[in-house]
Amino acid sequence: MRVKTRLSATLAVMLGLASPVAAQDAILNVSYDIARELFAELNPVFAEKWKAETGRAVTIDQSHGGSSKQARAILEGLPADVVTFNQVTDIDVLAKDGLVDENWREAFPNEASPYYSLPAFLVREGNPKNIDDWDDLTQDGVQVIFPNPKTSGNGRYTYLAAYAYALDKNGGDQAAAQDFVKKLFANVPVFDQGGRAATATFAERGIGDVLITFEAETGGIAQQYADARLERVTPSLSLLAEFPVAVVTANTESKGTTEVSKAYLDFLYSPDAQRILAKNFNRVHDQAITAEFAANFPDVKLVTVDDVFGGWDKVQADHFAEGGILDTVFVNQ
């Protein structure tokens with residue numbers, strides 16, 4: 001009987017079914033396209049803390065893609081335990097379907113956004129096209145690279161930031177703002193599906209004069225492609241880009257991973273995580289760490305979706321719904 005029991009236990013280990021604890025402490029973080037390296041750096045630090053606090057190991061698997069595309073994948077069955085997105089509306093879609101709690105914004109500080117950024121520019125060595133602000137992106141002969149706003153949260157923030165700049169410049173004139181964005185879109189030679197593909201188009205394929213992406217990414221890309229001597233440019237005005245997080249409770253409650261999933265997202269607010277985030281050019285809420293990395297964060301006039309557009313629900317209805325302003329800009333560019 002002992003031999004049989006021992007053999008059964010060995011077989012269970014080989015099949016990955018050794019114990020409920022092992023199954024519990026494995027989670028899937030479904031995230032936006034350009035966050036691979038960031039979470040690859042954060043995950044081991046959390047795993048070490050979790051082990052010290054609970055005595056249990058944890059495995060954190062990652063899935064990355066355009067934020068809206070990732071939300072659709074979860075709706076279709078991707079078994080996410082947590083989402084770390086770059087767009088509030090993509091979590092709202094999950095909440096509407098009952099996968100995420102309706103009050104998900106109240107579950108963590110800062111409306112469940114442990115860090116934030118803003119659309120900014122990356123130009124080629126010497127900035128040969130003299131690109132300093134959004135106006136420069138609509139000039140003849142300037143090729144602009146950013147991902148498709150229909151599939152990418154990154155791209156949507158770029159679209160909204162350009163629109164907000166045009167409203168600010170033109171005294172709130174909606175027609176002028178739409179015309180401005182049409183000119184900007186006309187200078188985009190290719191709309192990639194997500195931020196990672198747009199980065200490859202600009203930095204590896206050498207297409208375009210300027211890449212628009214999150215400020216956090218401009219720093220990381222400049223370091224990654226150091227030989228290209230790419231230069232960061234912060235525009236005069238940009239849009240607050242929150243990076244909301246949530247536990248996918250419909251999945252964690254059935255998988256038994258709610259505790260570790262919540263702890264994982266809580267960890268993102270800890271000083272250790274905030275320091276990693278700031279080191280990687282993300283703006284954080286910890287004031288001491290913000291001061292420590294002040295050189296990473298130039299001054300910028302930062303506006304919000306609530307202030308400029310009346311909130312995400314109104315943005316969704318006015319701009320991103322079928323037949324909305326974004327469709328008009330694409331059709332008539």
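The largest pocket has a volume of about 340 Å³. This is a predicted model, where local features need pLDDT of at least 70, side-chain atom pairs count only at pLDDT 80 or more, and totals for chains, interfaces and linings use all residues. Residues are numbered from 1 along each chain as its sequence is written, and side-chain values use heavy atoms, with hydrogens and water left out.

Q: How do I read a pocket, and which residues lie nearest the centre of the largest pocket?
A: Rolling a probe the size of a water molecule over the atoms shows where empty space is left. On a 1 Å grid over the protein atoms alone, a pocket is an open set of points with protein on both sides within 12 Å along at least five of seven lines; a cavity is a set where a 1.4 Å probe fits but cannot get out; lining residues have an atom within 4 Å of a point. Grid points are joined across faces, edges and corners, and a volume is the space filled by probe spheres set on the points. Here 20 residues line the largest pocket, with Ile-34, Glu-37, Glu-217, Gly-220 and Ile-221 nearest its centre.

Q: Which element gives the largest share of that lining?
A: Helices are DSSP runs (H or I, at least four residues), numbered from the N terminus. α10 leads with six residues. α3 (36-54), α9 and α10 (215-224) each supply at least two.

Q: What classes make up the lining of the largest pocket?
A: Ala, Val, Leu, Ile, Met, Phe, Trp, Tyr, Cys and Pro count as nonpolar, Asp, Glu, Lys and Arg as charged, and the others, Gly among them, as polar. The lining has ten nonpolar, six polar and four charged residues.

Q: How do the classes divide in the second largest pocket?
A: Its lining has four nonpolar, three polar and seven charged residues. The volume of this pocket is about 280 Å³. α5 gives the most to the lining, five residues.

Q: Which residues line the largest cavity?
A: Its lining includes Asp-33, Ser-67, Asn-86 and Gly-195. The volume is about 30 Å³.
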